[in-house]
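Trainee: Please take me through one part of this model in detail, the packing of a helix pair, and then the salt bridges that go with it and elsewhere.

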Amino acid sequence: MPASIIDSSILGNLFSTEAMRAIFSDETRTAKYLEVEAALARVQGRLGLIPAAAAAEIERNCRIDRIDLERLRQQTERAGSPVIGLVQQLVELCVDGQGEYCHWGATTQDITDTATVLQLREALDLVEGDLRGLSASLADLARRHRDTPVIGRSNLQQAVPVTFGYKMAGLLSAVERHRRRLDELRPRLLVGQFAGAAGTLASLPEGGLETQRLLMVELGLGQPDIAWHTQRDAIAEVGCFLGLVGGTLGKFATDVKLMMQTEVAEVYEPFAHGRGSSSTMPQKRNPVSCIYIHAAVAAARPQVTALLEAVVAEHERSAGPWQIEWAALPQICCLMAGALAHARFLAAGLEVDVPRMRANLDLTHGLVVSEAVMMGLAPHLGRERAHHLVYDLCRTAIAGGRPLVELLAETPEVADHLDRPALDRLCDPANYLGLAGAMVDRVLARLADC
């Protein structure tokens with residue numbers, strides 16, 4: 001009976017995905033332990049460190065369907081580590097005492113850490129696919145709305161016009177940086193562990209480093225220069241990376257849900273019958289994906305902090321900090337998978353109301369282009385005088401509810417320099433988009449493979 005919301009049969013797919021949960025399931029974790037033990041036996045048999053027959057027998061039994069998971073639970077509760085119970089079962093499964101060569105020269109943390117890296121390799125492959133898909137959808141929105149005017153907001157107030165493509169390109173640039181971060185961290189992360197009790201491989205003075213090298217070749221991992229039993233920076237880096245991804249997804253969700261408010265109504269989440277409905281208010285269309293993105297990334301963030309705590313490990317093998325990772329890593333990965341799935345759905349089907357964007361630009365009757373007017377008058381009046389004049393006219397426009405362009409046309413100090421057609425051009429928000437389009441083009445030009 002699942003107690004975690006990630007594993008809930010009802011709510012689980014709102015907070016995570018089947019694919020990511022499978023990677024961090026008991027079955028997959030145990031299978032990864034077995035994969036490492038089998039590779040270790042295979043390599044040591046090849047090197048003559050254990051009998052070839054023993055290596056073959058150990059590998060034959062390193063299958064998840066041969067492991068009693070209920071018994072493994074009991075063994076783990078007693079010993080404090082699943083690897084100890086797993087090795088006990090393997091020893092018993094092997095005939096003619098061949099199992100005594102299982103786990104030769106290894107320590108529990110070697111197997112656990114290497115299995116964790118194998119899990120993270122698969123998890124990051126899923127994250128990479130989601131980031132690629134999100135980039136493609138954001139790029140499409142940026143292209144289609146490169147020149148679609150929308151109000152830019154500062155301190156939650158209308159500021160100056162931008163384009164909707166510019167907003168999407170800003171998010172896209174962040175997602176692309178995350179993709180580069182992922183490429184950069186992989187070589188640091190995808191390094192296995194085989195170093196023995198205190199990391200010195202004292203149990204294998206002959207052939208220890210060669211075993212380590214060939215084991216990593218078998219598993220497709222990098223060979224460590226030195227044991228990282230209590231050097232957890234690479235694991236923490238993964239958590240911080242996913243935390244950064246979560247920040248970008250949270251920003252996306254926050255902007256969309258604010259723009260989806262009834263009074264704003266510039267964009268909407270993809271429509272599906274009944275999605276986002278209320279039990280009492282038939283008219284409601286709630287931002288479902290935004291809600292769960294926000295919840296998932298907020299729930300994951302403290303777990304990132306927990307991984308940073310796990311870096312503070314004592315001496316050569318820690319007592320407690322290491323186990324923090326067992327709890328935090330699966331939660332971060334599963335929650336971020338859910339947030340990424342919602343973000344992809346949101347970006348792929350986002351509904352954009354261009355007329356409403358224009359209506360909101362016109363909401364203040366020209367006040368949002370007061371900077372444009374000021375800059376247009378500055379060559380004639382000087383910047384300081386132009387600023388004070390336009391400031392006073394804006395206050396008058398607000399008090400009287402009149403369009404700014406009319407007050408400008410009635411002001412001799414303005415009319416002496418700018419005629420009505422020139423003022424109309426200055427007061428059209430679509431004419432004050434700056435270099436938004438050029439910036440969109442630069443972001444799109446640097447896409448990796450969208």
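Mentor: The model is predicted. In it, the axes of helix α5 (residues 69–79) and helix α6 (residues 82–93) cross at roughly 130°, and α5 and α6 are therefore oblique to each other. Those two axes come within 7 Å. The crossing of α5 past α6 is right-handed. Two packed helices are described by the angle between their axes and the distance between the axes.

Exposed means over 50% relative accessible area, buried under 20%, and partly exposed in between. E77 has 57% relative accessibility, so E77 counts as exposed. R73, with a relative accessible area of 39%, is partly exposed.

This pair can be set beside other salt bridges; the structure holds 35 of them. In helix α8 (residues 164–189), R179 and E176 are 3 residues apart, again about one turn of the helix. Their side chains meet in a salt bridge at 2.8 Å, N to O. Here R179 is buried, because its relative accessible area is 11%. E176 is buried as well, with a relative accessible area of 6%.

Another such pair is found in helix α18 (residues 420–426), where R420 and D424 are 4 residues apart, about one turn of the helix. The closest N and O atoms of the R420 and D424 salt bridge are 3.0 Å apart. R420 has a relative accessible area of 39% and is therefore partly exposed. D424, at 37% relative accessibility, also counts as partly exposed.

Salt bridges also join into a network, which links D125, E128, R132, D183 and R186.

Away from these charged pairs, I5, I10 and L11 make a nonpolar surface patch of about 280 Å². One of these residues, I10, sits in the segment before α1 (12–15). The relative accessible area of I10 is 74%, so I10 is exposed.

Key:
Residues numbered from 1 in each chain as written. Predicted model: local features only at pLDDT ≥ 70, side-chain atom pairs only at ≥ 80, totals over all residues. Heavy atoms only, no water. Patch = residues over 30% accessible without salt bridge, like charges linked within 9 Å, V, L, I, M, F, W, Y side chains within 5 Å. Areas by Shrake-Rupley, 256 points an atom, 1.4 Å probe, with all protein chains shown as cover. Salt bridge = Lys/Arg side-chain N within 4 Å of Asp/Glu carboxyl O. Buried < 20%, exposed > 50% of the residue type's maximum accessible area, 1.4 Å probe, protein only. Axes fitted to C-alpha atoms, helices over the stretch in contact; angles between N-to-C directions. Parallel < 35°, antiparallel > 145°, perpendicular 65-115°, else oblique. Left-handed = near helix turned anticlockwise from the far one by under 90°.
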